[in-house]
Every structure is written in C-alpha cells, then in structure tokens.
Amino acid sequence: MNSNDDPSYSPLRDVAQSPEATARYLADVQRVLLDIGRNLEALALETRVHCRDTHVEGDRWFDAWMRAQPVERALKDVLKHVEGVTKGLEKSAFKRRAHDEAVANTAKKRKEKELEKRRKNAPPLRAAQQSPPQQGREGHNSGYGGPTSIYDLGNRESA
C-alpha cells in the first residue's frame, strides 16, 4: 500500500520523527524567510522614499513625512515578525534535538533515581550502630570552653 493512498498520511510525519530531518527542514524554511526578509527590506526602503516624496499642493515640509510614518511602521513591524519567526525556527530545531536527548536519557535517570531511593530506604549498617561513644574532651565546635574573643587567644587557661 502506497503511503500517499493512506488518508492519515502526512508528508511531514517522517520529518517530525527525526531531529536531523527536522533541523534540515527548518533550515530550509529559515532560508526562504530570510530571502523574503531581504525583499521586504528593499520594499520598505522603496516605499519610504516614494511616500516621503509624495507631496500635495499646500503641504508643509513635514506633512509628507507624517503621512508616510504609518506605512513605514507597518512594514517595520512585518520585518520584526519575520526576524522573530526565523529566530523561532532556529530555537525549535535546538529544542527538537534536546527532546530526543531527554527521551534517550530518561531510562538512565529513572534507574539512577531508583537506586538512590533504595539506598536511602536501606537499613543502616550495624557497624555504625555498635561504635562506642567517644569520651574525653569535647571538640572545638561544641561552643564551650574555647576563647570567646580574639584577645583571649593568648590566655587559654581555664578559670
């Protein structure tokens, strides 16, 4: 059975299943959008020149400029959106690859997590429980018996 005869067939299904194919496809789309962006930049420049040079009798020196501003702003917004889409395509390609890496590492992470969980829930060793308590002088970290200021460091005799 030909895959084109299948009603649920999608030509991008094969592309979506491979991160390399996805990256290639998104790079192709990005190239097309960058070319469109260059054409839109040229169009914006030509439109700017034309609109600012269109004067009507009785115009003040800035009237043509004021009429051109909405057109220039609209084209500038379109260029920003095209640039945003191209950046988004690049980001999508990286996210697609990261997804496959995360899927590949999930089983390993789950095993490590399970081992860590077993280690935490395991009963403690008996040798640690049967160690004799330490007697004698307490350590410096106890907070008692040590110098109380830097001036007491020379006199370490207890009272």
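This is a predicted model: local features need pLDDT of at least 70, side-chain atom pairs count only at pLDDT 80 or more; totals for chains, interfaces and linings use all residues.
Visitor: With which residue does D100 form a salt bridge?

Guide: Side chains of opposite charge can pair when their charged atoms come close. A salt bridge is a side-chain nitrogen of Lys or Arg within 4 Å of a carboxyl oxygen of Asp or Glu. Here the partner of D100 is R96, and their closest N and O atoms are 2.5 Å apart. Both residues belong to helix 3, 4 residues apart, which is about one turn of the helix. R96 counts as buried because its relative accessibility is 17%.

Visitor: How many salt bridges does the structure hold?

Guide: The structure holds 10. One of them joins R60 to D63, with the closest N and O atoms 3.5 Å apart. R60 is exposed at 52%, whereas D63 is buried at 15%. Another joins E20 to R97, again with a closest N and O separation of 3.5 Å. This pair links distant parts of the chain, as E20 lies in helix 2 and R97 in helix 3, 77 residues apart. E20 is partly exposed at 39%, and R97 is partly exposed at 36%.

Visitor: At what angle do helix 2 and helix 3 pack?

Guide: Their angle is about 170°, and their axes lie 10 Å apart. Helix 2 is therefore roughly antiparallel to helix 3, a label for angles over 145 degrees. The residues of this contact (heavy atoms within 4.5 Å) divide into 21 nonpolar, 7 polar and 9 charged.

Visitor: Which residues of helix 3 are buried, and what covers them?

Guide: The buried residues include A64, A68, L75, V82, L89 and A93, as well as D63 and R96. Their cover includes helix 1 (13-17) and helix 2 (19-53).

Visitor: Where does helix 3 bend?

Guide: Helix 3, residues 63-121, bends by about 40° at T106. The bend is the angle between axes fitted to the seven residues ending there and the seven starting there.

Terms used: Residues are numbered from 1 along each chain as its sequence is written. Side-chain values use heavy atoms; hydrogens and water are left out. Helices (H or I, at least four residues) and strands (E, at least two) are DSSP runs, numbered from the N terminus. Buried means under 20% relative accessible area, exposed over 50%, partly exposed in between (1.4 Å probe, protein chains only). Axes are lines fitted to C-alpha atoms, for helices over the stretch in contact, and angles run from 0 to 180 degrees between N-to-C directions. Angles under 35 degrees count as roughly parallel, over 145 as roughly antiparallel, 65 to 115 as roughly perpendicular and the rest as oblique. Ala, Val, Leu, Ile, Met, Phe, Trp, Tyr, Cys and Pro count as nonpolar, Asp, Glu, Lys and Arg as charged, and the others, Gly among them, as polar.
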